[in-house]
Amino acid sequence: MINHYVPTSLNDALKYLSTHDCYIMSGGTDLMVQKHVSSLVLPRFDKDVLYVGELKELQYIKEDKDGNILIGAETKYADLLLSPIVPEIYKTVIKEIASPNIRNMATMVGNIGNASPAGDSLVPLILNDAEVVLKSVNGERVLKVSEYILGVKKTARKNDEIIVEIRLLKQNLRYLYRKVGARKAESITKVSCLVGYQIKEKKLIDFRVAFGSVGVTIIRNLEIENKYKNIEVKDLDVDRVISDYYQLVTPIDDQRSNKEYRHKVAMNLLRKFLLELKGGIDE
Amino acid sequence: MLPNYKTSVKKVDNEDKMSGLAIFTGDIQMDGALFALPVRSTISYGKIKEIHVPTLPEGYYFISAKDIVKENVCNIIVSDWPVFADKETHYKGETMGLIIGPDKDVCIDLVNKTYADYEEYEPVYEMKNSYVHKEFKKGDPSLFNGAAKVYSEEFETGYQEQIYLETQAMLMYLDGDKITVKASMQCPFYIHKAICRTLGCKEDKVRVIQPAVGGAFGGKEHYPSLMAAQLATAIVKIKKPLFMCFDRHEDITFTTKRHPSKTNISAYLDKNNEIIGLKIHVGIDGGAYIGCSMVVLSRALIACTNTYTFANLEVSGDAYCTNKVPSAAYRGFGSPQSIFAIEMFMKHLAGFLRVDALEFRNKYLVKTGDITCTSGVFRDPIILKPLMDKAMEMSDYKRKREEYSKPGSLRGIGISTFLHGCGFTGSGESTIINAQLKIKKDKNGIVTFYTSQVDFGQGNRTTLKRIVVDTLGIPEDHVIYDAPDTDKTLSTGPTAASRTIIIVGGLCAKAAQHLKEIWVDGEEQEIVEPYVGPSYIKWDEDTMQGDAYPGYAWGVNIVEVEVDPVTYELSILGTWSTYDVGHAIDERILVGQADGGLAQALGWAYLENEVAENGVFKQTKMSDYVIPTSLDMPHMETAFIDNPFPYGAFGAKGAGELTFVGGAPALADALEQAIGKKVNKIPATPEFIMELMNDED
Amino acid sequence: MKINFKLNGSNVTVDVVPSKRLLDVLREDLHLTGTKEGCGEGECGACTVLVDNRPINSCIAPIANIANKEVITIEGFRETKAYRVIADAFADMGGSQCGFCTPGMILATYAVLRDNPHPTEEEARIALSGNLCRCTGYQAIVNAVLKASEKGIKL
């Protein structure tokens, strides 16, 4: 018998989690689709379900003294878009996620919890070293989103834990982003690319690249990034960077696209962004 | 002088549909209705040795071929599709039986536990086994032997799913001993016939009533007949109300779609590069059962020279049997496939001959009095030139075409001309359909009339009523025109083939005129008006010779696109269309048809990708089979040029399908200009555009 | 489990499993059939309702998430002045054909105009991009949004 629990507080939820291995339902926009069977039929869950989507204490957006943005896990995408303190790059990405209706329901934590390689918000989260705060009755720990996500649908969450907060650490980066889906709205990403960089006195003092939907999770490689840090921008060898990422990008064929397209477009986007980065040297 | 019918009137169903009051099939509340869920075969082709059904709880039923009352045949044009797969299954997902019961959740479990033992045969997924072949000639194709040059190409088009927003749904119940059906449908009398045929029952034992219908586009022309025959078999045993409604993934996976096609065209040229004639072969993938594929093939072949005329033709076509879901009706009914091919071919041929594509095409455009490809005659005034001029002016075509011809512009503007034959092929209206319209008046002067035309969004309930109101010259609220009910309505034929206004509209006008002529105040009067076709229509379906349609509607589409060289995505920047639909009745409704038809055509051309792999569709959800959103569609401009048709109501011709047939070639023409490559296949997805752009030919 | 919420201005309580879709609660338990199901996966927007004044897809909303909120469906919205303005604009511009997407489209239009009373054509297209229509090609619907915007929905 599947148990459904709607807690009235976070503590209440944590207690439930300490004794139940369960699905954690936020906005439901992914889980309700995954478990949907048919109209007029209840979704079929194979484990208990905990509904935390409307816990008010997990709905907030605030800034700490270091300029990091702290987001309560159950804050909806629509609220992130309305917030004056959420960094623009996140808004750019969120605006292209699903549809206005879905953005009124869905949360960023849902994207993180699902650990889908096509989760659009994971791309800026991982590129910006964002963190999640996990809580259980036994305490709290902080993980980078990149550490939290282990693979397709696999995460580092323990059964008694729940993500309570997302921390967007302050960054001084410029960004170049593009999502490619099947159509101009409401599309699941075929391939996406985000480049973050900082240029100071013509030197590339920070350089980061992330790809979505072209591997088992978001692709980011610190080793490659480090190779290009602190070089003169004019010395950035576009072909070399592309060849570094060439093997790392390992897309698949599916009902939405094919691996040739995904790979080629990932490289095209990277090339375009690198050229823009180099072109923007004098700004 | 015709009255001005261009102006629009309030649509009769607007308020109900906007306020949520309109009752669609799934909205009907009926106590005690049982859910009926299909049990589907799991192999593409083979012998069904035994079906294993789990023990059914009380109140649950399994209905299959064993329960067939008279004939295990679904009445479609060619009735080869069984109501329930019996000894064999011919495609994966074919219905072998129904699980029926009060709790849908329990039914789902029972369906999942029901399975069959099979002996598998080798399935065929490619177009190689023809089950319908047609051919005809015009002029003297033996002249091809003297050609100085031959130019040949092949064209391909893909599946298209209708994605009517309301999925297939049907409610069936007994009213006394009468089987009563309310369903999402196009053709009440098709359903009526299908039930009578499988049960072998009398016509007065079945009644079909139309509730609100949430879109159809051809997809609800034949498939509901199958559902009806299945439910009818069940209701005879169970005698309780039955409800069958498909979830979206089920609707996409198992119901009929537009035929994929492969068309080969060869042009035989003389030494002056004049076309001696064409040899054309159109192949369509009909799926496991013929159903209506022979008629789709017929329409594809009749349309194969589109708006052009050639002295000599050798035309043939095949519908191929494959072990996949049967293909059936979808807006355009075969003609979009062959019109895409000929439009692109004419353009490519001009390229091969190094002449201007538009001038080249114009040279072969049909004129009034020309002989059609089936050796009939284009009798009515043809105004293609003004249609083209107007569309070019609206779109600033010439300037843009010139500007985008610079290499690397990545923009293109394309044009297509096209036609669509209105009504059933040939003399079908008078020999097969035989529409009859009943109109009556009570003592108080209230007029009631009936048709079997379903309004699934086209606006015909409004327009047909208006035709009667205006002909009689009485107030609108003195005329009652309800949705079809086979107990009250004589058959005015199916809601298909762009026949509603040209044929049934004409019939409404004629009946109303007759009533007006015999009108006596204070008396009950009734008229049954039969359809009488134009006497000049002579058609032989076997030889495909004669006048294929009573009339033709014409159009021009111009589409402007841009291609992103980084992602190979295509954006549509604008569309401009002009149409000759005779005399336009209610321009607002017609613009709705025009924009909607073109949007579906553009979706088919570049966005909507349905691929079958091992006999099953890979895209089975609306997140995978994507249709255009409001952001994918551009601003659309549409204009009509008046050209009254003497046999339609107030000069009107058909418009429903016409608006679909030219979209794909116009888009492909624009795409070719943008990327400088030939586009012989649609949908032109970014994946395909990438291949084209990277192809160093 | 008993769940309370406000529906079209009145308090209602339903006793259902918390995972039950809001759409099914509306259609099956409360017999409000103006909200339609087109896809069951949050793609088409035919099931759009307003929850705390924001449009959502009721086909993927578990009823647990609706507890203590205010839901407005087309049945409630059609009683408002804003509905009249929008519905008249849809009628004038031919924004409704088969009508299956229309209740959702009208609620989505309300949400657009409330947040942005004078949208451009492009902004209207963005705002409606989660409500699919297969009949109109969208131009008539976009025209209706712009027309309703001219009149103002008078909130």
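Where is the place of P683(B) in chain B? P683(B) sits in the loop between α16 and α17 (686-694) of chain B. Helices here are DSSP runs of H or I with at least four residues, strands are runs of E with at least two, and both are numbered from the N terminus. The peptide bond from I682(B) to P683(B) is cis, with omega near 5°.

This is a predicted model, in which local features need pLDDT of at least 70, side-chain atom pairs count only at pLDDT 80 or more, and totals for chains, interfaces and linings use all residues. Residues are numbered from 1 along each chain as its sequence is written, chains are lettered from A and ligands numbered from 1 in the order in which they are written, and side-chain values use heavy atoms, with hydrogens and water left out.

Chain C has backbone features of its own. Most residues other than glycine have a negative phi, and most peptide bonds are trans. H31(C) has a positive phi, near 55°. H31(C) is found in the loop between α1 (22-29) and β3 (48-51) of chain C. D52(C) also has a positive phi, near 45°. The loop between β3 and β4 (54-57) of chain C holds D52(C).

Now turn to the interfaces. Chain C puts 44 residues in contact with 51 residues of chain B; contact means heavy atoms within 4.5 Å. The two chains bury about 3700 Å² between them, 52% of it on carbon and sulfur atoms. Buried area is the accessible area (1.4 Å probe) that two parts lose on being put together, summed over both. On the chain C side, Q97(C), C98(C) and R134(C) lose the most area to chain B, together 21% of what that side buries. Four salt bridges cross the interface of chain C and chain B. A salt bridge is a side-chain nitrogen of Lys or Arg within 4 Å of a carboxyl oxygen of Asp or Glu. R27(C) and D27(B) pair in a salt bridge at 2.7 Å, N to O.

Chain C also meets chain A. Here 32 residues of chain A touch 30 residues of chain C. About 2600 Å² is buried between chain A and chain C, 58% of it on carbon and sulfur atoms. In chain A, the residues that lose the most area to chain C are L40(A), N101(A) and E186(A), together 22% of what that side buries. Three salt bridges span the interface of chain A and chain C. D79(A) forms a salt bridge with R54(C), with the closest N and O atoms 2.6 Å apart.

Over all chains the count comes to 77 salt bridges. What do D105(B) and R44(A) form? Their side chains meet in a salt bridge, 2.7 Å from N to O. D105(B) lies in helix α2 (residues 104-113) of chain B and R44(A) in the loop between α2 (31-34) and β3 (48-51) of chain A, so the pair joins two chains.

Helix packing comes next. Two packed helices are described by the angle between their axes and the distance between the axes. The axes are lines fitted to C-alpha atoms, for helices over the stretch in contact, and angles run from 0 to 180 degrees between N-to-C directions.

In chain B, helix α14 (residues 587-607) and helix α16 (residues 663-675) have axes that come within 8 Å and cross at roughly 50°. α14(B) and α16(B) are therefore oblique to each other; angles under 35 degrees count as roughly parallel, over 145 as roughly antiparallel, 65 to 115 as roughly perpendicular and the rest as oblique. Their crossing is right-handed, meaning that the near helix is turned clockwise from the far one by less than a right angle. From α14(B), the contact uses L598(B), A601(B), L602(B), W604(B), A605(B) and Y606(B), and from α16(B) it uses G663(B), A664(B) and L667(B). These residues divide into eight nonpolar, one polar and no charged. Ala, Val, Leu, Ile, Met, Phe, Trp, Tyr, Cys and Pro count as nonpolar, Asp, Glu, Lys and Arg as charged, and the others, Gly among them, as polar.

Helix α4 (residues 102-115) of chain C and helix α6 (residues 139-151) of chain C have axes that come within 11 Å and cross at roughly 45°. That makes α4(C) oblique to α6(C). The crossing of α4(C) and α6(C) is right-handed.
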